[in-house]
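I opened this entry to look up pockets and a sheet. My notes follow the model below.

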Amino acid sequence: MHPEKTSFGKGRAVAVSLAAVTLFVLLWSAGGRFGLFNPLLLPPPEEIWATGREMLTDGYRQLPLLYHVAISLGRVIGAFIPAVLVGVPLGLAMGLFPVLRAILDPFVQFFRPLPKLALIPLVILWLGIGEVSKVFLIFISALLTVLVGCAAAVGGADRNRLRLGRALGATNRQLLRYIVFPGALPEIFTSVRLAVGVGWTTLIAAEMVAADTGLGWMVLNASSYMRTDIVMLGIILLGLTGYMLDMLIVALQKAVVPWDGKA
Amino acid sequence: MYSLFLRITVLVALSVVFAASAAFAAGSSKPAEVRLAYLNGPRPWILGKADGSLQKALAVPVKWVNFASGPDALKAVAAGEIDIARAGSVPVAAALARKLPIEIIAVSGVIDSSERLIARKDITSVKGLEGRTVTYPPGSTAHYALLAALNVYGADASKVKQAPLKPADELAAWKRGDVDAAYVWGPFSNQLEAEGGHELLKSGQLQKDGYYLFNVYVVSKKFAASYPDTVSAFLRAFRDTVNRYKADPDAAAKSIAAELGQDAAAAKQTLAGLEFPDLKEQLDTKWLGLGKSESGISKSFADTARFLVNLGELSRRDLPSSFAPFINSAFIAAAVR
């Protein structure tokens, strides 16, 4: 089923979403104005807006606001690219070779649900307090997500096509290149998309390691000074940037795997 | 059978009414429970936790809640989960500027050598930190002391590489050689010395240049207004624990360390690095003062808040014209009467 073709069209969906967000902000603002909640616990949107404008001109802690956004993006992308480069081939190999899967699976399943905050003391001891330890924490979370997704994606290849390919004398390499990989690609993209989300989520943990830059650090630091306005601003920026990253991957997916969702 | 049931019902009803009126007769001045926020630093009032004497003195159930840092404890006060908290002057200054509904009721201790700047052996002066990496717990009194020290001793803060870390992580970074100095409190400062560091400075040395670092007790305004007698009783109980500590520092340090699960020798050293101004003395304008006029403590808070504004942590529009209205020495006055 394609949503575009139903009576509730895409344009309408966007309009309803926008209306929902606008209504939410208006209620939030009205709640603040009529003193329904303590502005310290939930600053009204006007205050967050004022803080945002203040920080666009003055920056946060001597550095421009956009620099904090950029460095956080840099950390996540810097971890995400190697995670994909290592994770996709390794995950596919795990899907193809049961022995490899049997070897790696216990480690993957052990580390994947582990809260990454628990790793911080070890990461500091092993990798220090520089950028490497921050990027590593994000890398490991993204990698594990990609591994699991890609190992499962191999199953997405059509059995009949594989048999047909073998009957026609295709080599293992050709089978991988022309049948397994294209068949798995939609699911690979799904796991990559999940990995970006997971990586972005791990950012706060990563920026707990001796950081003095980045959006995650900004939120943590502002909270020690009760700057709930900056905390909210940081959360909004974290959410929007994560949203944009996700949209980017979806756009890439549409360009690379146009056959996804088609029989 | 029926009459027995009736009699029991009447008896129960009567006793409930009696109990309720008894509570009312007490001026309804006692809360159902007092929730205290304590940090991991060894302090005399922990004696009152260890043997339950504080609960006994307040004559109401006391709930002790542990927090990793002052800002965390103050956030819990903001959320209405804590009635009385101990926190450092830096997070309290930030909380007051951000209009947290709290009052300062007493100084719980002045930081002298309980917080120190520990550096590698080849660094012999504060100025020697230029070009090196220093770590500190962000938003703490130690953070403030470090920046004050750089200022007092003429070191260029922009040339000192700063690494904000939680105290336990500072030790890991030190062992790896990632940091060359750390401004931190005990027992972590003692551990750094054991790992080859030496003392460059203690916070008390900054006092002559006007930088006072101290801990205070804060109370939520609502609690203070509803139960003033309990707040005064708390301060009397606090004074008792300080007196017990002063009477026998060794034994006190031992039971405080045991209660917090820490090393007794390090706890003793931390406790010895604190000054405990007498409650009566705190009514002097050098400390809290009487009434709502400016005092030493209110001026210290103003200095600290201005410092946080210059650092970019607080917004200038949040700065109150005076911190005196946030200080309420009436509870000390009642406690020492």
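I start with the term I need: a pocket is an open set of grid points with protein on both sides within 12 Å along at least five of seven lines. Its volume is the space filled by probe spheres set on the points. I keep in mind that this is a predicted model.

**Entry 1: second largest pocket**

I looked up its volume and got about 510 Å³. I then listed the lining, which has 26 residues. Nearest the centre I found D212(A), Y136(B), V160(B), K161(B) and Q162(B). I sorted the lining by class: 13 residues are nonpolar, six polar and seven charged.

**Entry 2: largest pocket**

I read a volume of about 960 Å³ for the largest pocket. I counted 42 lining residues. Closest to the centre are A68(B), S69(B), P137(B), K166(B) and P167(B). Which elements give two or more residues here? I noted α9 (215-224) from chain A, and α4 (70-78), β3 and α7 (167-176) from chain B. The largest share, five residues, comes from α9(A). By class I have 19 nonpolar, 16 polar and seven charged residues. I also checked the domains of chain B. Domain 1 (2-111 + 213-335) and domain 2 (115-209) each give at least three residues to the lining of the largest pocket.

**Entry 3: the sheet in chain B**

I moved on to strand β3(B) and its sheet. In what order do the six strands run? I wrote down β2-β1-β3-β10-β4-β11 for this open sheet, with mixed pairing. At the edges I found β2 (62-66) and β11 (274-275) of chain B, each pairing on one side only. I then followed β1 (residues 34-38) of chain B, which pairs with β2(B) in the parallel sense over five bridges. For L36(B), I recorded W64(B) as the bridge partner in β2(B).

Next I looked up the helices on this sheet. Helix α5 (residues 89-97) of chain B packs on the sheet and touches β3 (84-88), β4 (102-111) and β10 (214-220) of chain B. I noted an angle of about 115 degrees between the directions of α5 and β3(B). Helix α13 (residues 296-311) of chain B also packs on the sheet, touching β4 and β10 of chain B. Its direction makes about 100 degrees with that of β10(B).

Methods:
Residues are numbered from 1 along each chain as its sequence is written. Chains are lettered from A and ligands numbered from 1 in the order in which they are written. This is a predicted model: local features need pLDDT of at least 70, side-chain atom pairs count only at pLDDT 80 or more; totals for chains, interfaces and linings use all residues. Side-chain values use heavy atoms; hydrogens and water are left out. Two strands pair if DSSP finds at least two bridges between them. Helices (H or I, at least four residues) and strands (E, at least two) are DSSP runs, numbered from the N terminus. Contact means heavy atoms within 4.5 Å. Axes are lines fitted to C-alpha atoms, for helices over the stretch in contact, and angles run from 0 to 180 degrees between N-to-C directions. On a 1 Å grid over the protein atoms alone, a cavity is a set of points where a 1.4 Å probe fits but cannot get out, and a pocket is an open set with protein on both sides within 12 Å along at least five of seven lines; lining residues have an atom within 4 Å of a point. Ala, Val, Leu, Ile, Met, Phe, Trp, Tyr, Cys and Pro count as nonpolar, Asp, Glu, Lys and Arg as charged, and the others, Gly among them, as polar. Domain bounds come from an automatic or database domain assignment.
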